[in-house]
Amino acid sequence: MKAHRNLVLLVGVGIVVLVGAAVIAIRASRGGDLEGDWAVTLLVIDGEETPVLAETAPTATFAEGDVKGSAGCNTFSGGYEIDGESLTMGPFASTQMFCEEPSGAMDQEVAYLGLLGEAESFSVNGDELVIQAGDGRRIVFARS
């Protein structure tokens with residue numbers, strides 16, 4: 001009787017471990033590392049690193065194929081798809097406010113949303129996410 005109970009317990013633990021491993025594998029195949037809240041720290045355009053303007057806070061939240069966030073002035077939302085390390089995003093819906101301050105906020109927003117819309121790949125290294133577009137352009141995020 002005790003041996004039967006131990007066997008049932010062992011099988012039950014094994015099933016839990018297998019299910020947990022399957023969930024992790026499925027989440028990883030869907031970009032599980034990408035999912036969550038991210039804050040932009042740097043834009044790289046034409047080989048030039050451009051830190052985020054101090055009074056803006058571009059963000060992105062990825063969850064189950066949907067992305068939303070702030071472009072610094074306006075909010076946006078859309079979809080994304082992952083195939084391995086390949087990433088496609090959009091189309092995006094966005095509010096249409098104009099922000100005069102800080103100077104350059106709208107240029108930064110256009111660059112950010114443009115890079116998201118032209119995303120080709122991504123990589124996650126710990127608490128850093130890098131989304132790559134063509135020609136070496138990229139966005140660097142920190143997990144928030």
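**Figure 1. Pairing of S123 with V130 in the predicted model.** In this predicted model, the bridge partner of S123 in strand β8 is V130. The two residues belong to an antiparallel pairing of strand β7 (residues 121–125) with strand β8 (residues 128–132), which extends over five bridges. Two residues separate the strands of this hairpin, and G126 takes a positive phi near 65° there.

**Figure 2. The hairpin of β8 and β9.** Strand β8 also pairs with strand β9 (residues 138–143), in the antiparallel sense and over five bridges. Within this pairing, L129 has F141 of β9 as its bridge partner. The hairpin has five residues between its strands, and D135 in the turn adopts a positive phi of about 60°.

**Figure 3. The largest nonpolar core.** This core comprises 24 residues, of which F62, L87, M89, Y112, L116, I131 and F141 touch the most other members. Two or more residues each come from β1 (36–45), β3 (59–63), β5 (75–83), β6 (86–94), α2 (105–117), β8 and β9. Helix α2 makes the greatest contribution, giving four residues to the core. In soluble globular proteins, nonpolar side chains tend to be buried together.

**Figure 4. Surroundings of L87.** Leaving aside residues up to four places away in sequence, L87 touches L34, Y80, E81, I82, A119, E120, S121, F122 and I131. One of these, I131, is listed with L87 among the core residues that touch the most other members.

**Figure 5. The aromatic pair of F62 and Y80.** Four aromatic pairs are counted in the model. One of them joins F62 and Y80 in an edge-to-face arrangement, with 5.2 Å centre to centre and 85° between the planes. Because F62 lies in strand β3 and Y80 in strand β5, the pair ties together parts that are 18 residues apart in sequence. Both F62 and Y80 are buried.

Figure 6. F76 and Y112 form an edge-to-face pair, at 6.0 Å centre to centre and with 80° between the planes. F76 is part of strand β5 and Y112 is part of helix α2, so this pair ties together parts that are 36 residues apart in sequence. F76 and Y112 are both buried. Together with F92 and F141, these two residues form one aromatic cluster.

**Figure 7. Helix α2.** The 13 residues of α2 should span 18 Å at 1.5 Å a residue, and the 18 Å between its end C-alpha atoms agrees with this expectation. The buried residues of the helix are A105, M106, Q108, E109, Y112, L113, L115 and L116. An α-helix has 3.6 residues a turn, so residues three or four places apart point the same way.

**Figure 8. Confidence along the chain.** The protein chain has an average pLDDT of 83, and 78% of its residues score at least 70. Over residues 16–31, however, the pLDDT is below 50, and this stretch has six contacts in the model beyond near neighbours in sequence.

Definitions and conventions. Residues are numbered from 1 along each chain as its sequence is written. Side-chain values use heavy atoms; hydrogens and water are left out. Two strands pair if DSSP finds at least two bridges between them. A nonpolar core is a set of buried Ala, Val, Leu, Ile, Met, Phe, Trp, Tyr and Cys residues joined through side-chain atoms within 4.5 Å. Buried means under 20% relative accessible area, exposed over 50%, partly exposed in between (1.4 Å probe, protein chains only). Contact means heavy atoms within 4.5 Å. pLDDT is the predictor's confidence in each residue, from 0 to 100. Rings of Phe, Tyr and Trp (its six-membered ring) pair if their centres lie within 6.5 Å; planes under 30 degrees apart count as stacked, over 60 as edge-to-face and the rest as tilted. The expected span of a helix is 1.5 Å times one less than its number of residues.
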